[in-house]
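Subject: Structure handover

Hello,

Here is the structure I said I would pass on. My notes on what was found in it follow below.

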Amino acid sequence: MKFNSHQLDNGLEIVAECNPSAYSIGLGVFVRTGSRDETAEVSGVSHFLEHMVFKGTPRRSADDVNREFDEIGAHYNAFTSEESTVYYAAALPEYQKACIDLLTDIMRPSLREEDFSMEKKVILEEIQMYADQPPFGMDDRLKELHYGDHPLAYSVLGTLQSVGDLEVEKMHHYFQSRYSPSNLFVAAAGCVDFDDLVAQVSSCCGHWEAKSVDRLLAPARSKVSQATAFPTPVHCVHRPTATQQYLLQLADAPSSEDDNRYAAKLFATMLGDDSGSRIYWELVDPGRVESASLGHYEYLAAGMYYTWVGCDPEMAADNFAQLTQLQQQAEATGFTQEELIQAKNKVKARVVLGSERPRNRLFNVGGNWMQRHEYRTVRDDLAAIDAVSLDDIHAVLAQYPLTNCTTLTIGPLEDLGT
Amino acid sequence: MPTTLQQRTIHTHVLSNQMVLVGEPTDSVQSAAFTLLIPSGSSTDSVDRQGLSSMLCDMVLRGAGARDSRALINDLEVLGVERGESVGVSQTSFSAASLADNLAEALTIYADIVRRPQLSASQLEFARQVCVQELRSVEDEPAQKLMNFLRQRSYPEPWGRSSCGTQQGISECALSDIQQQWSAHYRPNGTILGVAGNFEWSQLVEHVESLFGDWPTSSEQSSLQYKEEDVPVHHSHDSNQCHLGIGFPTVPYRHEDYLQAWAAVGVLSSGMSSRLFTEVRERRGLCYTVTASLQTQLDRARVFCYAGTSSERAQETLDVTYAELIRLGEGIEQQELDRLQAQIKSGLIMQQESTSARSGSLARDWYHLGRTRTLDEVGRLVDGLSSDSINQFLANNPPGNFTFATLGPQPLEQPIEV
C-alpha cells in the first residue's frame with residue numbers, strides 16, 4: 001500500500017493509494033462544490049449539474065457516455081452534497097485508461113439546451129420522489145431552522161420552483177466558476193498504475209485553464225443560542241396522511257478540521273448507534289420506535305449531530321421525553337469504560353471491513369484530501385479511534401451539548417403535546 | 001493483461017444431521033463472513049399467524065444460551081461483528097462479518113441463537129411491538145408498499161407474502177406459536193452455512209461439528225396453508241408520484257435456461273445504457289427511478305419492473321415501460337450482450353473483494369442447486385452466452401402473462417395484451 005500524489009501546472013492534483021494486490025480500482029473526480037456554494041436563485045444547480053455532466057461532451061453524446069462506461073463493465077455514479085460533488089467508477093485495472101478518459105472528458109460537459117430541458121424533468125421527478133418519502137423534505141426544513149440563512153442550510157436538491165426556473169446559461173456560469181482545475185482533483189485507490197494515471201490526466205486535463213475559485217466557508221453554528229431556555233421549542237409539521245410520526249433533531253458538533261471528530265463519532269455510537277447503544281436499548285429494543293439513531297456528520301467549519309426517530313404517533317411524546325432524558329443523562333453523568341470499548345471495537349471493525357474494497361478506500365482517500373488535504377491510512381484511523389479517552393468524550397459533550405438542538409416533528413400529530 | 005478470477009476452492013461438508021457447510025477460504029483478506037440460512041420463512045407461517053417467522057427471528061436474538069438479550073448483542077459488538085438478519089419467503093438468513101480471528105467465537109454465539117434461544121415471555125411484547133412498527137413504517141414508503149402488492153398479485157399463495165406479515169397475524173402470535181415455529185423450522189436438515197474469508201477449512205469443519213453436530217434432525221413439515229386473497233390492481237395513496245409495477249413469470253435459478261433469462265433482464269435494466277433507463281428516463285425524462293430485476297424462489301421466479309413518476313405522466317410511463325417488455329420478446333443485439341458480459345465479469349471479480357457477498361452466494365447456490373459454483377465456473381457460463389441462445393430463449397418465452405399494480409392518486413389504464 002503506497003500513497004502517491006502529483007500536481008499539474010494548472011493546479012489539478014492527483015492522489016492515489018496504490019495496492020498492487022487489489023483486484024479492482026476505484027477512480028473519482030472530487031469537485032469542491034455543493035449547495036453551500038450556491039445562491040438562493042440557483043438553488044439545486046450543483047446537483048442538476050452533476051446529472052448534466054453525464055449528458056455528453058464535444059466528442060461524446062449522452063448515449064456514448066452511458067454506453068462506454070457499460071462497455072468496460074464499470075460500476076459508476078455520482079453524488080452531490082452540501083460541499084462536494086463526486087464522480088466515481090469502480091472497474092477492473094485493465095480499464096484504468098478508458099475510465100480516466102471518460103471521467104476527465106465528462107468534466108468538460110457540453111451542457112446542451114435540449115439535454116438540459118430533458119434532464120430537468122428527471123430532477124423534478126427526483127424532488128417529488130423524496131417529497132413522498134419520510135421525512136417528506138423536512139431534512140431541508142430542519143437545516144433552515146437550525147442554521148437560518150447560512151449557506152449550509154441550502155437544499156442540495158433545490159425546490160420545484162428553483163429547479164423549474166433555472167436556465168441553462170446560469171448553469172454554464174456556475175460551471176465556469178466552480179469546475180476549475182484548482183477546485184477539483186482526481187483520486188484513486190486499488191490496483192492503480194500511478195505513472196500512467198499522472199501521464200494520462202496530464203494529457204487530458206493539463207490544458208484546462210487555471211482559474212482561482214473563491215470559497216466562503218463561514219463557520220456554521222446553530223441559531224439556537226446557548227441562552228435559550230431549555231427545552232428548546234419543537235417545530236411541528238402536520239401531515240395527516242402519514243402513518244408514523246417522525247422526529248428529527250440537529251445539533252452542532254465537531255467539524256471535519258477538528259481532531260475531536262473521532263470522539264464525536266464514538267459518542268454518537270455509544271448514545272445512538274442503530275444497535276447496542278443507549279437509544280437502542282431504551283427505544284428500539286422494546287419496540288417503542290421503528291427506528292432511532294444518532295449520527296455525526298462533518299463539514300468544513302461545521303459539524304452536525306443528526307438524530308432520527310420514526311414511531312407510532314401515539315408513543316411520540318413519550319419517546320421524545322425519553323430521548324431528551326437520555327441526552328441529559330449523557331451530558332450529566334457521561335459514559336462508562338465498557339461502553340467506550342464496545343463502541344471502539346464496533347467502529348474499528350467497520351473501518352477494517354470497509355477497507356477491503358478499493359471503491360470504499362477511494363471515498364476515504366478522496367474525502368480526507370477534500371476536507372483536510374491529507375492522506376490517512378487505515379492504521380492512522382484505527383490509532384485515532386484507540387487514542388480517544390472517556391475524558392475526551394466528556395469534553396466534547398461539554399463543548400457541543402446535544403440538548404442544545406433544533407427539533408422538528410412531522411406526521412399525523414398536530415403537536416407533540418409537550 | 002486482463003484481470004482473471006483467482007482460483008479459489010470451495011469445500012463442502014455435510015453433517016450427519018444433514019446440515020450443510022460450504023466454505024471458500026482465501027488468505028487475501030483479513031476478514032471472514034458467514035451466512036446461515038434457516039428453513040423458516042413467511043411461506044411457512046400459518047394463515048392466521050402471518051409474520052410469525054419475522055417475530056421468531058426477532059425473538060431468537062433476545063437472549064440465547066447463557067446470555068440475556070443485552071449480553072448477546074453486546075458480546076457480538078465487542079467482537080466487532082457486523083450483523084444482519086432478514087426473513088424471506090422460504091428462509092431466515094443470519095449474516096455476520098468480522099475480523100477473521102473472531103469468526104469462531106461469532107459462530108459459537110450464533111449456534112446458541114439458532115439452537116438455544118431463550119424465547120422468554122418477558123420479551124414477547126417487545127418483539128411484537130418491533131414487528132408492528134415495521135409494518136406501519138412500510139405504509140409511509142410508497143415504492144416498497146407497491147412492490148409488496150405486486151408480489152402478492154403475481155405469486156400464488158403463500159409465495160407472494162410479505163415477510164412483515166399482517167397486523168392481524170402479528171397480534172395473534174402467542175409464545176406457544178413462537179416456540180412451535182422454532183422447534184419445527186429451526187432444524188439442521190434444510191440449514192445451510194456459507195463461510196468465506198481468511199480461515200482454515202479443517203479447523204472450521206471441526207468447530208462447526210462441535211457446535212452443530214449433535215443438533216437433532218426433525219421432520220420436515222409440508223403443511224403449507226393457502227388462502228387466496230384478492231389484491232386489487234390499484235391502491236389509492238395520497239402522494240405526488242404514482243408508483244407502478246409490472247411482473248411477469250420467468251424461470252428460476254436452478255432452471256437450465258436461467259442464465260439466458262437473467263441476461264435478458266440485464267439488457268432491460270443493467271447499467272445506464274440499458275433499455276429501460278434509456279427509453280424511459282434518458283429519452284423521455286419520465287422518471288428518476290425505473291428498474292427491472294429477476295427475483296427467484298426455488299420453484300418459481302418473476303421479473304418485477306418498477307417506475308415512480310408524477311401522476312400526469314404515469315400513463316405514458318406505464319405504456320413506454322410495457323412496450324419495452326414486449327420489444328424484449330423480439331430479441332436482443334450482440335452489442336447489448338457484449339456490454340452485459342463486461343459488467344457481469346467485473347461484478348464477479350469484485351465479488352471476490354467482499355467476504356459477505358461470497359458467503360451469501362455460497363449458501364444460496366447450495367439452496368438452489370444442491371451444489372456450489374466457483375466464480376470461475378460462473379465466469380465460463382457467462383462467456384458461453386450468445387445473442388442467439390438468448391434470443392432463442394426469448395422466442396420461446398417472450399415476456400407475457402403480465403401482472404400490474406399501481407399506487408398513487410388515481411388508477412391507470414392497463415395495457416391490453418395482444
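Chain B has 418 residues, and 49% of them count as buried. Please keep in mind that this is a predicted model.

Chain B on its own: the secondary structure consists of 15 helices and 11 strands. Its radius of gyration is 23 Å, close to the 22 Å that the globule rule gives for 418 residues, so chain B is as compact as a globular protein of that length. The C-alpha trace of chain B spans about 60 × 60 × 35 Å along the principal axes. Among the contacts in chain B with a separation of 6 or more, 81% are between residues 24 or more positions apart.

The interface: 55 residues of chain A are in contact with 54 residues of chain B. On the side of chain A that touches chain B, at least two residues each come from α2 (62-71), β7 (85-91), α4 (113-131), β12 (302-311) and α12. By class, that side of chain A has 22 nonpolar, 15 polar and 18 charged residues.

From α12(A), the residues making the contact are A:Ile341, A:Gln342, A:Asn345 and A:Lys346, while α2(B) contributes B:Asn74, B:Glu77 and B:Val78. The contact of α12(A) with α2(B) comprises two nonpolar, three polar and two charged residues.

Regards

Notes:
Residues are numbered from 1 along each chain as its sequence is written. Chains are lettered from A and ligands numbered from 1 in the order in which they are written. This is a predicted model: local features need pLDDT of at least 70, side-chain atom pairs count only at pLDDT 80 or more; totals for chains, interfaces and linings use all residues. Helices (H or I, at least four residues) and strands (E, at least two) are DSSP runs, numbered from the N terminus. The radius of gyration is taken over C-alpha atoms; the globule rule is 2.2 Å times the number of residues to the power 0.38. A residue is buried if 20 or more other C-beta atoms lie within 10 Å of its own, exposed if 12 or fewer, and partly exposed in between; C-beta atoms are placed from the backbone. Two residues are in contact if their C-beta atoms, placed from the backbone, lie within 7 Å. Ala, Val, Leu, Ile, Met, Phe, Trp, Tyr, Cys and Pro count as nonpolar, Asp, Glu, Lys and Arg as charged, and the others, Gly among them, as polar.
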